[in-house]
Amino acid sequence: MTTNRTDVLAATLLLTLFSPATAQLTAIRAGRLIDIHEGTVTTDQVILVEGGKIAAIGPDVEIPDGADVIDLSDAVVLPGLFDCHTHLCYTVKGGFNHTNQGEMGFREQFLVNTLTQPAAYRALVGASNAREVLKAGFTTVRDVGNACDYADTALRMAVEDGLVPGPTIINAGMIISPSGGQFPGELLNPELPGIGPHEYLYADTRDDLRKAVRQNILRGARVIKLVVDDQPYIDSVGETAFVVAEAGAAGLKVAAHCVTEAGARHAIEGGVASVEHGFEMPDELLDLARERDVALVGTDFPADLWDAQGMPRPMAETRSEKIVDRLRRAHEAGVTIAFGTDVFFPVAGQTRGSAALLFTDSFREAGIPPAAILRAMTVDAARLLGVEGERGALGRGMAADLIATPGNPLEDIDALREAVFVMKDGEVVRDDR
Ligand SMILES: [Zn+2]
């Protein structure tokens, strides 16, 4: 069979027409590139991106003819960031009422807000927040519930289908908790028994717990979120271990909300993957977390972020100091720290994404070096989320999730707030150069 010019032309045309756009080669010139494992910078690197993944990376990588070239010679390039504690499908509407600052006011507003935002609205809130966190440089998040009737699964699917921009989402589905969820009993009208379970899966027995885990997996959860201790009655070590086993059998990890010392102890002894918040952890409990390889997702609110929740300033500062002390002790104890924020309310002058970056203030105050903060925001977070083989560091075969900043975050972590470029799975999602 002979091939003539017309055939070749036709074949070329077909290839051009039907090659997926992702097959296009993109070459990034990185003036400075952060090695996230080593906490060092290399200069004049080339990153070759094909099909959303890194095809080659190094100083001697040749840029093939026809490749799109993105010139970040003047910038510092590093992996996309992780936030291991988001509530993308929930924002307190209008913010907390600063004139009603008691604990009760906060809780009442939380209840009213969750009641008045149905799942369809939550999904749209999620789409808005997903775009904002991605633009701020967060290319992967673990979303830990408060999405009403699985709006988080809908959001994850919409992002995966390319319908809306957003990070890679490891979502929790509905939060599992003892009866009452995170609502105070006195606010729940017993004549309206559906009020709590619209937001939480109540589980008080092992049958309940097994059913709740399975329902979440069936409805698209990729992680299980267990609220251990927001009621006077808390999950036991045995109950926590039961959830860990049930989730683990299906390949899911467990993130445990723990705000009391007993709750954190039960969660760690029960074998969860991470303690969320962990505001009450003495040294001995931090040591136990390290021994059992339980990560701390500290949601380390700086005072301004308590303030934004309507907390009076002196209380906000006291709370923040306590958290910074716990963060310092956790770092010194060698606990794996994975960055997680917990922003679910508007913060004046900030987007959902830029507000999340403010949490590095607490890390700096705790004396944690920038290299360790960056590991908490990338590789260590990726390991907790079980995506360390694909995301969290820049290397051959890894997803092309990366950001670029004018300043060097290894010298000043605040440089992250000045990100000018964000790439997600090889697609440029922000370029403000
Ligand atoms: Zn939270």
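Reader: Why is Thr-139 called buried?
Author: Thr-139 has a relative accessible area of 1%, and buried means under 20% (exposed is over 50%, partly exposed in between, with a 1.4 Å probe and protein chains only), so Thr-139 counts as buried. This is a predicted model, in which local features need pLDDT of at least 70 and side-chain atom pairs count only at pLDDT 80 or more, while totals for chains, interfaces and linings use all residues. Residues are numbered from 1 along each chain as its sequence is written, and side-chain values use heavy atoms, with hydrogens and water left out.

Reader: Which residues are in contact with Thr-139, leaving aside its neighbours within four places in sequence?
Author: With contact taken as heavy atoms within 4.5 Å, they are Gly-80, Leu-81, Leu-134, Pro-167, Thr-168, Asp-401, Val-422, Met-423 and Lys-424. Thr-139 itself has its place in strand 6, where strands (E, at least two residues) and helices (H or I, at least four) are DSSP runs numbered from the N terminus.

Reader: What makes strand 6 and strand 7 a pair?
Author: Two strands pair if DSSP finds at least two bridges between them; strand 6 (residues 138-143) and strand 7 are joined by four and run parallel. At one of these places, Thr-140 has Thr-168 in strand 7 as its bridge partner.

Reader: How do you know that both faces of strand 7 are covered?
Author: In a regular strand the side chains alternate between the two faces of the sheet. In strand 7 (residues 168-171), Thr-168 and Ile-170 lie on one side, Ile-169 and Asn-171 lie on the other, and all of them are buried.

Reader: What makes strand 6, helix 4 and strand 7 a right-handed unit?
Author: A crossover is right-handed if, with the strands pointing away from the viewer, the path from the first strand over the helix to the second runs clockwise; strand 6, helix 4 (residues 151-160) and strand 7 make a β-α-β unit of this hand.

Reader: Why is helix 4 described as mostly covered?
Author: Seven of the ten residues of helix 4 are buried, namely Ala-151, Asp-152, Thr-153, Leu-155, Arg-156, Ala-158 and Val-159. Their cover includes helix 3 (119-135), strand 6 and strand 7. Just after helix 4, Gly-162 takes a positive phi of about 75°.

Reader: Where else is the right-handed β-α-β arrangement found?
Author: Strand 11, helix 7 (residues 261-270) and strand 12 make such a unit, and the chain then crosses from strand 12 through helix 8 to strand 13 in another right-handed crossover. Strand 11 (residues 254-258) pairs with strand 12 in the parallel sense over four bridges, with Ala-256 opposite Val-275. Three bridges join strand 12 to strand 13, again in parallel, and Val-275 stands opposite Leu-296 in strand 13.

Reader: How do you know that the charged end of Arg-319 sits over the ring of Trp-306?
Author: A charge sits over a ring if NZ of Lys or CZ of Arg is within 6 Å of the ring centre and within 35 degrees of the ring normal; the charged end of Arg-319 is 4.8 Å from the centre of the Trp-306 ring and counts as over it. Lys-93 likewise lies over the face of Tyr-121, at 4.7 Å from the ring centre.
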